Amino acid sequence: MKIAEALVLRSDTQKKLASLRQRIGNNAVIQEGSQPHEDPSNLMKEAFGVLKELRKLIGKINAANAENKLPDGRTLTEAIAQRDELTQQHALLQHAISSSSKEPDRYSMTEIKWVACVDVKKLQKQSDDLAKKLRDLNLMIQETNWKIDLE
């Protein structure tokens with residue numbers, strides 16, 4: 001199995017776990033004299049089994065990410081950490097841009113005008129540049145994930 005396939009399996013497993021959690025909650029309390037639609041104890045056992053599978057899968061993915069490299073020489077772990085950093089930087093820039101405009105307020109008989117304290121044009125250029133770096137890095141990571149076998 002390739003790393004990319006393992007990532008899809010991890011996502012599916014996480015969705016299954018979320019579904020089990022919801023089903024446990026739906027069946028944890030019932031009206032007196034009724035029967036639950038599903039046995040919460042059995043659902044709990046199944047959920048713990050899924051958690052064990054997920055732990056093993058994540059361990060294999062993390063090990064593969066730590067030992068395999070991108071074409072530029074960085075490990076996948078380093079690239080993923082950089083991707084996370086770029087994502088957070090991009091989110092900060094987008095937040096600053098979206099927060100820089102505000103409609104005028106009316107306070108009594110006068111209007112309060114708001115003035116941006118940041119250079120929106122400059123921030124937008126930085127945001128666009130970061131988005132391109134992020135796309136390129138994601139492509140490199142995904143390409144590598146489809147080439148490497150998971151042990």
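Me: Which are the buried residues of H4?

Reply: Bear in mind that this is a predicted model. In H4 the buried set is Leu123, Ser127, Leu130, Ala131, Leu134, Leu137, Ile141, Thr144 and Asn145.

Me: Why do residues three or four places apart point the same way in an α-helix?

Reply: An α-helix makes a turn every 3.6 residues, so positions three or four places apart point the same way. With that in mind, look at the list for H4 again: Leu123, Ser127, Leu130, Leu134, Leu137, Ile141 and Thr144 are among its buried residues.

Me: What do the buried residues of H4 pack against?

Reply: They pack against three helices, H1, H2 and H3.

Me: What caps the N-terminal end of H2?

Reply: For a cap, look for a side-chain oxygen and a backbone nitrogen at the helix start. In H2 the cap is Asp39, with a side-chain oxygen 3.0 Å from the backbone nitrogen of Ser41. At the start of H4, a side-chain oxygen of Asp119 comes to within 3.3 Å of the backbone nitrogen of Lys121.

Me: Which residues of H2 are buried, and which of H1?

Reply: For H2, read off Leu43, Ala47, Val50, Leu54, Leu57, Ile61, Ala64 and Asn65. For H1 the buried residues are Ile3, Ala4, Ala6, Thr13, Leu17, Leu20, Ile24 and Asn27. As for partners, the buried residues of H2 pack against H1 (3-27), H3 (76-99) and H4 (120-145), while those of H1 pack against H2, H3 and H4.

Me: At what angle do H2 and H3 pack?

Reply: A helix pair is read from two values, the angle and the axis separation. Here H2 and H3 pack at about 100 degrees, their axes 5 Å apart. That angle is why H2 counts as roughly perpendicular to H3. The contact itself is made by Asn62, Ala64, Asn65 and Ala66 on the H2 side and by Leu76, Thr77 and Ile80 on the H3 side. Sorted by type, the residues of this contact of H2 with H3 come out as 4 nonpolar, 3 polar and no charged.

Me: Is Thr144 buried or exposed?

Reply: Go by relative accessibility, where buried means under 20%. Thr144, in helix H4, has 6% relative accessibility, so Thr144 counts as buried. Leaving out neighbours within four places in sequence, Thr144 is in contact with Lys69, Leu70, Pro71 and Leu76.

Me: And Ser100, buried or exposed?

Reply: Ser100 sits in the loop between H3 and strand S1 (105-107). Its relative accessibility is 18%, so Ser100 counts as buried. A polar atom of the Ser100 side chain lies 2.7 Å from the backbone oxygen of Ile97. Beyond the neighbours within four places in sequence, Ser100 is in contact with Ala116, Val118 and Val120.

Me: Where is Glu67, and is Glu67 buried or exposed?

Reply: Glu67 lies in helix H2. With 51% relative accessibility, Glu67 counts as exposed.

Me: How far apart in space are Ala96 and Leu123?

Reply: That pair is 27 residues apart in sequence and 8.0 Å apart in space, C-alpha to C-alpha. Ala96 belongs to helix H3 and counts as partly exposed because its relative accessibility is 26%. Setting aside neighbours within four places in sequence, Ala96 is in contact with Val118 and Leu123.

Me: What about Gln88, buried or exposed?

Reply: Gln88 is also a residue of helix H3. At 54% relative accessibility, Gln88 counts as exposed. From Gln88 to Met44 there are 44 residues in sequence and 35 Å in space, C-alpha to C-alpha.

Conventions
Residues are numbered from 1 along each chain as its sequence is written. This is a predicted model: local features need pLDDT of at least 70, side-chain atom pairs count only at pLDDT 80 or more; totals for chains, interfaces and linings use all residues. Side-chain values use heavy atoms; hydrogens and water are left out. Buried means under 20% relative accessible area, exposed over 50%, partly exposed in between (1.4 Å probe, protein chains only). Helices (H or I, at least four residues) and strands (E, at least two) are DSSP runs, numbered from the N terminus. Contact means heavy atoms within 4.5 Å. A polar contact is a pair of N or O atoms within 3.5 Å; within protein, one must be able to donate a hydrogen and the other to accept it, and residues adjacent in sequence count only if both atoms are side-chain atoms. Axes are lines fitted to C-alpha atoms, for helices over the stretch in contact, and angles run from 0 to 180 degrees between N-to-C directions. Angles under 35 degrees count as roughly parallel, over 145 as roughly antiparallel, 65 to 115 as roughly perpendicular and the rest as oblique. Ala, Val, Leu, Ile, Met, Phe, Trp, Tyr, Cys and Pro count as nonpolar, Asp, Glu, Lys and Arg as charged, and the others, Gly among them, as polar.
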